[in-house]
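Please look over the model below before reading on.

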Amino acid sequence: MYIAGKHYRTIWMDSETGIISMIDQNALPFSFEIFEAKNYKETCHAIIKMITRGAGAIGAAAGFAMAQAFYEGARGEGRGTNYEKYTKEQLEFFVSSRNEIEATRPTARNLFYATERVYTAGLKSPEAAVNEAQKLADENIADAKRIGELGSSLITNGSRILTHCNAGWLGFVDYGSALAPMYIAKEQGKEFFVYADETRPRNQGARLTAWELQNEGIPHKIVPDNAGAHLMSRGMVDFVIVGADRIAANGDTANKIGTFEKAIVAKEFGIPFYVAAPFSTIDFSLMDGTQIPIEERSEDEVLTYSGPDSEGILRTIRMASPGSHALNPAFDVTPAKYITGFITEKGIIKSNELSRFIL
Ligand code: MRU
């Protein structure tokens, strides 16, 4: 996507230096900054702190982090050598760094998909790990673009679409999942309107989706998370598109907390509810959504609010009753029966058809 006329990927890696650059999503929308992670531990930190976030971007970051671990573990000597030439200590380092990367954000399926592929490649050589991580990032873009092309058929002039969280290009390497159909529809000259749920507690909708839509010139309004039922009951929403963090084999879908409520309300009012995600987000090893691990995050995300004051200085204020604690599950699971269809790179598919695609 373009920022002030310059093309950016959300995250990228310099294959020579091993440095990963990423758009700092914590700084947005107030300032546009690039964060650099020089080693896999710094990349893990960036994932945990959500400097980079969103299922697809987390996947790319995890793949790059795994490649960095191979560079670091090989310490120069192992570069370009065969698997047989890694020492026992090096192999142990690759396993422990993989475990560390996988512990950063447990719900996002793309993270595990990426570490598996890059780890396997890295056993041949560190260069193979880097090549695989770069390939994953390119596939991430190609899948997202295709999701956009296929999903754009759902959008017509005058469509009013509701979305939750940020499943835009910041949440992928480019294009996004839920927002990709909107970007392609915009390119096709269609005129439509988007309601962006603010998405408490971290406000990815109010901060990131709104910033992306503004940047793309797509008319939109930020709505409180609890406005969905009102808007849908008044006939103000034609359909809903959300992203996904992990989809079980039966179509049950983990996505940002609050998604499930929107799906129930959409069904109540007969409004189509679509999930946009690549196949790399589907976990065919899980029969249903009860098995999806749900990340719990710090209570501070619920109890406090951060943003710049009138002088632009970043402040964090407490916004809840002192002494009270908070529970902060980051995702919920929407049962497949609420989902009208999955917008994937292979087509718009019903839940009961997903298993047809198991390799
Ligand atoms: O906790 P986050 O911001 O990483 O949440 C993940 C998400 O971005 C959403 O749930 C999104 O809809 C998934 S697809 C980018």
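1. The model is predicted, not determined by experiment. Every point below should be read with that in mind.

2. Start with the largest nonpolar core, which has 68 residues. The members that touch the most other members are Ile11, Phe64, Trp169, Met182, Phe192 and Ile241. Helix α2, residues 55-74, gives the most to this core, with 11 residues. Both domain 1 (2-143) and domain 2 (149-357) supply at least three residues each to this core. In soluble globular proteins, nonpolar side chains tend to be buried together.

3. Neighbours within four places in sequence aside, Ile11 is in contact with Ile20, Ser21, Met22, Thr52, Ala57, Ala60, Ala61, Phe64 and Val173. Phe64 in that list is, like Ile11, one of the core members with the most contacts to other members.

4. There is also a second, separate core, made of 25 residues. Among them are Val237, Ala244, Ile271 and Tyr338.

5. Turning to charged pairs, the whole structure contains 16 salt bridges. One of them joins the side chains of Glu102 and Arg98, at 3.1 Å from N to O. Both residues belong to helix α3 (residues 88-102) and sit 4 residues apart, about one turn of the helix. Glu102 and Arg98 are both buried.

6. Arg146 and Glu149 make another salt bridge, with an N to O distance of 2.9 Å. How far apart in helix α5 are Arg146 and Glu149? They are 3 residues apart in this helix (residues 126-151), so about one helical turn separates them. Arg146 has a relative accessible area of 36% and is therefore partly exposed. Glu149, at 32% relative accessibility, also counts as partly exposed.

7. Arg246 and Asp283 form a salt bridge too, and their closest N and O atoms are 2.7 Å apart. Arg246 lies in strand β10 (residues 246-248) and Asp283 in strand β13 (residues 282-283), so this pair ties together parts that are 37 residues apart in sequence. Why do both partners count as buried? The cut-off for buried is under 20% relative accessible area. Arg246 counts as buried because its relative accessible area is 7%, and Asp283 because its relative accessibility is 5%.

8. Finally, some salt bridges share partners. Arg105, Arg202, Glu295, Arg297 and Glu301 are joined in this way into one network.

Key. Residues are numbered from 1 along each chain as its sequence is written. This is a predicted model: local features need pLDDT of at least 70, side-chain atom pairs count only at pLDDT 80 or more; totals for chains, interfaces and linings use all residues. Side-chain values use heavy atoms; hydrogens and water are left out. A nonpolar core is a set of buried Ala, Val, Leu, Ile, Met, Phe, Trp, Tyr and Cys residues joined through side-chain atoms within 4.5 Å. Buried means under 20% relative accessible area, exposed over 50%, partly exposed in between (1.4 Å probe, protein chains only). Helices (H or I, at least four residues) and strands (E, at least two) are DSSP runs, numbered from the N terminus. Domain bounds come from an automatic or database domain assignment. Contact means heavy atoms within 4.5 Å. A salt bridge is a side-chain nitrogen of Lys or Arg within 4 Å of a carboxyl oxygen of Asp or Glu.
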